[in-house]
Amino acid sequence: MSDIAIRVESLGKLYRIGKLEKHRTLRDTLADAFLSPFRRASKLLRGQATGAAELDETIWALKDVSFEVKRGEVVGIIGRNGAGKSTLLKVLSRITEPTAGFADIYGRVGALLEVGTGFHQELTGRENIYLNGAILGMRRAEIDRKFDEIVSFAEVEKFIDTPVKHYSSGMGLRLGFAVAAHLEPEILLVDEVLAVGDARFQKKCLNKMQDVGQQGRTVLFVSHNMPAITRLCERAILLDEGKVLEDSPSHKVVSAYLSSGLGTTAVREWPDPAKAPSGDVARLRAVRVRKENGQIADAVDIRRPVAIEMEYEVLKSGYVLLPYYDFFNEEGVQVFTAVDQDPAWRKRPRPTGRYVSKAWIPGNLLSEGMLIANAVVITLNPNTLQFYEHDAVAFQVIDSLDGDSARGDWAGKMVGAVRPLLKWSTHFSPDQTTQTV
Amino acid sequence: MQTEERIERRSMTTLLPARVDNVPMIRIEPSKGWVSLKLRELWQYRELLYFLIWRDVKVRYKQTVLGAAWAIIQPFFTMVVFSLFFGKLAKVPSDGIPYPVFSYAALVPWTFFAQGLNQASNSLVSQAGLIKKVYFPRLAIPSARVLAGTVDFVLAFIVLLGMMLAYGIVPTVNALWLPFLLLLALITSLGTALWLSAMNVQFRDVSYIVPFITQFWLFATPIAYPSSLLPEPWRTLYGINPMAGVVEGFRWALLGTDTAPGSIIIVSSLAALTLLVGGAFYFRRMERTFADVV
């Protein structure tokens, strides 16, 4: 018996888009069947060619995807939106059929593509745990056994016999994740479910997932959260336009992804307000990395300061805003958090308008390598998250060998999340060596 | 504490027999043409089927004032209307049975069939979220909807027994056939629903067609009138509508109408099975596109 858990071989999935729309009615089909000969004839008369372009437009959501996953491996799948990540998980979890190729799965599969699938608003928390558990493939006895653990993980003990429709959205999500986190399949497929709940609960979920990985389970994990990918997965696969672009250790893939311009770059802008990360009060419009001279920079000298700026709109006046950044390195370690200290707007309700908040990171502080910034704005009293943009921007920090950075004259490998240039002093007393004879 | 727990869990897994040799292997590949029904897999998912039925039963009458009384109101008031117009005014014969009992005995299995058909035809569309996010045999969805109707059936059936008592009618020994007749109604309902629910995924027109179908089917079934109105070769052929067999069977088994429906039932059973098997294969064939289209 081999130690392979998943083998994917030239997998392809073709979607029809355009002409063949969802929910077409019989009338449309009949009308099409009846009218299309005329349309075609009239086009011919006007001298337009008919042919391939007339056919349904199609798109390969997955094309010629091949890879293998070993038993116990935790593999991240990354790529920008529409790269085929979710389609891949849907095919592997048998929700939808591939159009070409095949995949072999060795083991019991549990797929978690959405939190709280099948929750019914009218049923109580208790009833929904059983229903959701059964939908995700748990046996009844298994749910019985884990019931208390699930309830306490979700932190909904008091409301367990209340219909879910009276839950806050956060409680609903927590309950949904709690059920899913207690699944024990041999192969777990997870799609972007960590984008739920408050930061503390997210962390709890990440820890739970890490446990899962350590129990020797095979995990395929789709996420936009690069730090989570590097922390949870030893290996990652980068998809773009349905194809595998890169398949290697996760920190390599993540930095390839970040520096390729496919994902995070030194500039992120949202020209379309409808697609911008936004809350009721504030909307993010851009995040940029700038050098001292104001230039956009995706690589900076370790000795020079660098500014991260976020441009955002305040949509409702009268709120006190707190912009901040969470900084991660490519290993997924959070390096530090930087909270807006500008006295001009501290504790001051802001009028509507456009703001640009800039944070300067001093030179000789950061470590070499990739730094990733999550851009956040919350409104205070009560604390409400306006937006939390993961991997908003990223840049490379480059250490020179000139000798005046923190590495001094050392040219070898250096580890550590920061590399501050410290003030060193050495006191010298001659002729005071202890004789060991 | 936590580490202790983890160690314990680990050692437990090592105690379990190694499963390496019998790991289930699934090959995922494009299917071609007609595919197998995978009834064994459906059986493996029987607990999910149970939970889906349980949910449908629990949720059905939530946020209604009258609650489960609706299960009785529908067939009962149809019976009242039928008794007035067909029984009293049109003087439709009723095989020597008081007309209200005669029609209600037919309306009870009919309502089970029609409700099941109605609910199950829309089941895939109304549970699109589930279909797009989780894998399980899709046959479970319409099956659960039809099966959930048995609870309503039991309630309406108790009222039927009450009516028989009131009219002094004692059920015959043939009542032992009732489970079989109910099964026949279930097969007819599910068989039809499999066709319609799968079509509904592609063509939403089906949701508008279903009420028509049930309305026509109601009058094409001997509910308001007895099938004994037809001369013999035709009466047996009437069984092509499986509900004719079900309805006449119910009357024969409970009320002791002397029109033993032997030949009708055979024709009805064959028709119902054809409907179910055909529906199941059609459903399975269309299933591969459900998640993409619904």
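This is a predicted model: local features need pLDDT of at least 70, side-chain atom pairs count only at pLDDT 80 or more; totals for chains, interfaces and linings use all residues.
We can begin within chain A, which is divided into domain 1, spanning 61-259, and domain 2, spanning 267-398. The C-alpha centres of these two domains of chain A lie 29 Å apart. Where the domains touch, eleven residues of domain 1 of chain A are in contact with nine residues of domain 2 of chain A. On the domain 1 side, two elements of chain A each contribute two or more residues, namely helix 7 (226-232) and helix 8 (250-259). Helix 7 of chain A provides the largest share, with five residues. Sorted by class, this side of domain 1 of chain A holds five nonpolar and five polar residues, together with one charged residue.

Turning to the partner chain, the contact between the chains draws 39 residues from chain A and 31 residues from chain B. On the chain A side, the elements giving two or more residues are helix 2 (85-92), strand 4 (100-106) and helix 3 (125-135). Strand 4 of chain A supplies the largest share here, six residues. The side of chain A that touches chain B comprises 20 nonpolar, nine polar and ten charged residues.

Definitions and conventions
Residues are numbered from 1 along each chain as its sequence is written. Chains are lettered from A and ligands numbered from 1 in the order in which they are written. Domain bounds come from an automatic or database domain assignment. Two residues are in contact if their C-beta atoms, placed from the backbone, lie within 7 Å. Helices (H or I, at least four residues) and strands (E, at least two) are DSSP runs, numbered from the N terminus. Ala, Val, Leu, Ile, Met, Phe, Trp, Tyr, Cys and Pro count as nonpolar, Asp, Glu, Lys and Arg as charged, and the others, Gly among them, as polar.
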